[in-house]
Amino acid sequence: MSLQSLDIVRRSATTTPPPGIRRAATGAVAKLIDTTKCIGCKACQVACMEWNDLRDEVGTNVGVYENPADLTEASWTLMRFTEYENPEGDLEWLIRKDGCMHCADPGCLKACPAPGAIVQYANGIVDFQQENCIGCGYCITGCPFDIPRISKRDHKAYKCTLCSDRVAVGREPACIKSCPTGALVFGTKEDMRQHAEERIEDLKSRGFDQAGLYDPPGVGGTHVMYVLHHADRPELYSGLPADPHISPLVGIWKGISKPIALATLALSGLAAFFHYIRVGRNEVTEQDERAAVSEMEGRHE
Amino acid sequence: MNEHPDTLIRYTANERTNHWIVALAFLLAALSGLALFHPALYWLSALFGGGPWTRILHPIIGLIMTIAFVFLAAVVWKDNRLEPRDREWLHRIKDVVNNREEQLPEVGRYNAGQKLLFFVFVVCMVGLLLSGLVIWRQYFSMYFPIGIVRFASLLHAVCAFLLIGAIILHIYAAIWVKGSLRAMTRGTVTPGWAWKHHRAWFRERTHAANPRARPD
């Protein structure tokens with residue numbers, strides 16, 4: 001996977017530039033999820049399973065529409081259902097296709113300690129390279145959207161690849177292909193923004209004053225975007241974060257602390273060495289030994 | 001040895017074994033931890049059999065270190081309580097680093113620097129253990145909210161940084177003050193060493209009704 005013909009702009013735990021001579025000349029890509037058109041059929045979940053050869057364990061029905069209950073290492077996308085009673089007292093069924101948002105500033109990649117286990121392609125896709133994954137789970141710690149999952153079987157992290165293998169050869173992701181209502185669209189990010197604008201205009205004309213595009217700037221924008229009827233309250237959609245960003249704790253841990261800590265430790269080693277050179281060892285002299293012995297003998301008498 | 005047959009026992013064989021279990025575990029934990037801390041040190045993971053093995057072994061080594069440290073700390077705890085005379089010693093830190101030991105107040109089994117270092121060890125070990133359990137993804141992380149996991153990740157790094165720094169000081173001090181290493185390898189120090197560096201302890205040992213110093 002890491003050898004496919006896509007250019008890499010960021011590579012986890014790597015301090016030198018990744019290979020980047022070719023560009024995404026046609027622009028970065030994006031998936032647009034129009035929640036206002038989604039009917040919750042889960043065709044996208046099935047298409048994801050099919051293309052990626054994923055078969056999650058069959059769970060049990062606990063009386064909710066989500067199936068499976070949560071994202072797992074074998075379920076990379078999931079319809080989340082919310083029954084929302086609006087101020088007029090009407091029921092709104094808010095359905096959101098959850099999965100990796102492919103952040104422009106990915107918290108998972110920032111947190112990952114394994115070189116090349118997470119890469120970001122020039123087209124915007126953030127991809128896990130399981131062959132380099134060590135299973136530490138730092139990607140989970142870094143992700144603002146609670147997306148990556150670690151397999152209990154192979155202890156590798158998995159998530160939506162935005163079908164990077166399909167996109168690399170000019171095809172749209174599997175989920176897009178399966179959507180019967182056109183709620184899922186794929187193209188350049190610019191095209192998707194334009195398409196979203198038209199949709200939002202339409203929604204506003206139908207009384208959804210707060211309709212809008214979810215492309216959160218806190219993570220530099222995302223390559224999976226939502227059209228929401230209630231863009232002013234994204235949390236309504238099964239807890240979609242209103243202002244996602246990489247946690248400042250992760251920022252310190254994976255940012256400034258690394259060079260400072262390493263430099264300080266190296267300098268303290270150097271300081272010790274130069275103390276040795278300048279001041280030298282603190283040695284016990286023959287005089288000290290005699291003083292000790294005479295004190296011992298004096299007291300023994 | 002031959003010149004000064006009257007050696008003083010500073011650490012028993014059990015204490016030395018305990019110390020070196022902690023030390024070896026620390027070395028391995030620090031190397032594997034540094035491999036995961038900074039990309040420039042990721043190559044250290046090769047010492048442990050690669051990235052996944054480093055991830056598997058690091059917490060186990062850490063647990064061994066902290067458990068062994070509990071026994072070590074229990075033994076030396078009472079000699080590391082801070083006393084009024086430690087303040088004076090710390091005020092004269094310039095004399096300490098310049099080997100002007102005759103200017104310093106009498107020191108018991110441990111000097112004020114050793115005592116402070118000991119408490120840094122204790123605090124770091126507790127911090128590392130607690131935060132380490134939280135970020136141990138395979139067994140425990142799923143039981144904690146993400147905010148706690150993030151805080152623990154940072155805390156783990158901070159405690160490890162402090163501990164490694166403290167150990168650099170600890171190791172250098174053992175090289176710097178000649179004769180100290182022998183106390184932890186062979187268990188004994190010469191009377192002159194004890195008289196010079198830990199006079200109060202020297203007197204306590206040699207004046208005791210049943211001194212541990214061997215008479216000729």
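1. Chain A and chain B meet through 44 residues of chain A and 47 residues of chain B, two residues being in contact if their C-beta atoms, placed from the backbone, lie within 7 Å. On the side of chain B that touches chain A, α6(B) gives the most, with 13 residues. By class, that side has 25 nonpolar, 15 polar and seven charged residues; Ala, Val, Leu, Ile, Met, Phe, Trp, Tyr, Cys and Pro count as nonpolar, Asp, Glu, Lys and Arg as charged, and the others, Gly among them, as polar.

2. This is a predicted model, in which local features need pLDDT of at least 70, side-chain atom pairs count only at pLDDT 80 or more, and totals for chains, interfaces and linings use all residues. Residues are numbered from 1 along each chain as its sequence is written, with chains lettered from A and ligands numbered from 1 in the order in which they are written.

3. The buried residues of α6(A) are A:Lys189, A:Met192, A:Ala196, A:Ile200 and A:Leu203 (buried: 20 or more other C-beta atoms within 10 Å of the residue's own, placed from the backbone; exposed: 12 or fewer; partly exposed: in between). Seen down the helix axis, these buried residues fall within an arc of 75 degrees, so they line one face of α6(A); the arc is that of the directions from the axis to the C-beta atoms.

4. The face of α6(A) turned away from the buried side carries exposed residues, among them A:Glu190, A:Glu198 and A:Ser205.

5. After α6(A) comes A:Gly207, with a positive phi near 100 degrees.

Notes: Helices (H or I, at least four residues) and strands (E, at least two) are DSSP runs, numbered from the N terminus.
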